[in-house]
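Subject: Structure for you to look at

Hello,

Here is the structure I promised to hand over. Please open it and keep it beside you while you read my notes.

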Amino acid sequence: MRILYRYVLALLTLLLTVCVVTADDPVAGTPQMIIDARIDDNTPNGKLFVGTTMDWIQNHQSWNRERTIDHGGRSVTASIDRGRSVLVLRSKRFAASFDTLKFTRLNGDSIDSSAIKDLLARKRAVVFLHKGTTIHPAIVGSLHPETLVVTRVSYPVDPLVIGIPEKR
């Protein structure tokens, strides 16, 4: 019993050490692409960074079809399973308070907040990262070097409900 107790205690200590060491390491992953990115100055909630994020999912649809057919003078019920994959594109409005975001280039260089409007006017690609994440190196290699990286660095103390009318 003592050996089991020591084994469990050693394993627990090792697990806690690994968790503490890796807790602050950023997680590498896939960023969200933002299209139609712009800055709105004239809002009741202050300066906002607004855009549209694109996402896609793949659904598989399957169905079964039964028919009664005449085969050699006998009535036979035939059944066949069919299926297809459907790609669904989704878009979602994105809005964040300007002071909760950090703007950088793909190589990590910081961008002055006064230059953001000019860079967005030049139709640069924009990607969004959540707090504590980085872009996977393989994805960095596939993006244009002038891509703007928007990272959430903090969240507002009092979250605001921001209504943005859709353009029609």
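Start with the inside. The largest nonpolar core has 17 residues. Phe49, Phe103, Leu120 and Val126 have the most contacts inside it. Six elements each supply at least two residues of this core: strand 2 (32–40), strand 4 (74–97), strand 5 (101–105), helix 2 (116–121), strand 6 (126–129) and strand 8 (148–152). Another core, of 6 residues, lies apart from it and includes Leu106, Val127, Leu129 and Ile135.

Some terms. A nonpolar core is a set of buried Ala, Val, Leu, Ile, Met, Phe, Trp, Tyr and Cys residues joined through side-chain atoms within 4.5 Å. Buried means under 20% relative accessible area, exposed over 50%, and partly exposed in between (1.4 Å probe, protein chains only). Helices (H or I, at least four residues) and strands (E, at least two) are DSSP runs, numbered from the N terminus.

This is a predicted model: local features need pLDDT of at least 70, side-chain atom pairs count only at pLDDT 80 or more, and totals for chains, interfaces and linings use all residues. Residues are numbered from 1 along each chain as its sequence is written, and side-chain values use heavy atoms, with hydrogens and water left out.

Now the rings. There are 4 aromatic pairs (rings of Phe, Tyr and Trp, its six-membered ring, with centres within 6.5 Å; planes under 30 degrees apart are stacked, over 60 edge-to-face, the rest tilted). Phe49 and Phe94 are edge-to-face, because their centres are 6.1 Å apart and their planes stand at 80 degrees. This pair links strand 3 (residues 48–71) to strand 4, 45 residues apart. Both Phe49 and Phe94 are buried. Phe49 also pairs edge-to-face with Phe103, at 5.6 Å and 65 degrees. That pair ties strand 3 to strand 5, 54 residues apart in sequence. Phe103 is buried at 6% relative accessible area. One aromatic cluster is formed by Phe49, Phe94, Phe98, Phe103 and Phe128.

Last, the charges. The structure holds 2 salt bridges (a side-chain nitrogen of Lys or Arg within 4 Å of a carboxyl oxygen of Asp or Glu). One joins Asp40 and Arg38 (3.4 Å, N to O). Asp40 is partly exposed at 21%, and Arg38 is partly exposed at 23%. Another joins Asp41 and Lys117 (2.4 Å, N to O). Asp41 sits in the loop between strand 2 and strand 3, and Lys117 in helix 2, 76 residues apart.

Best wishes
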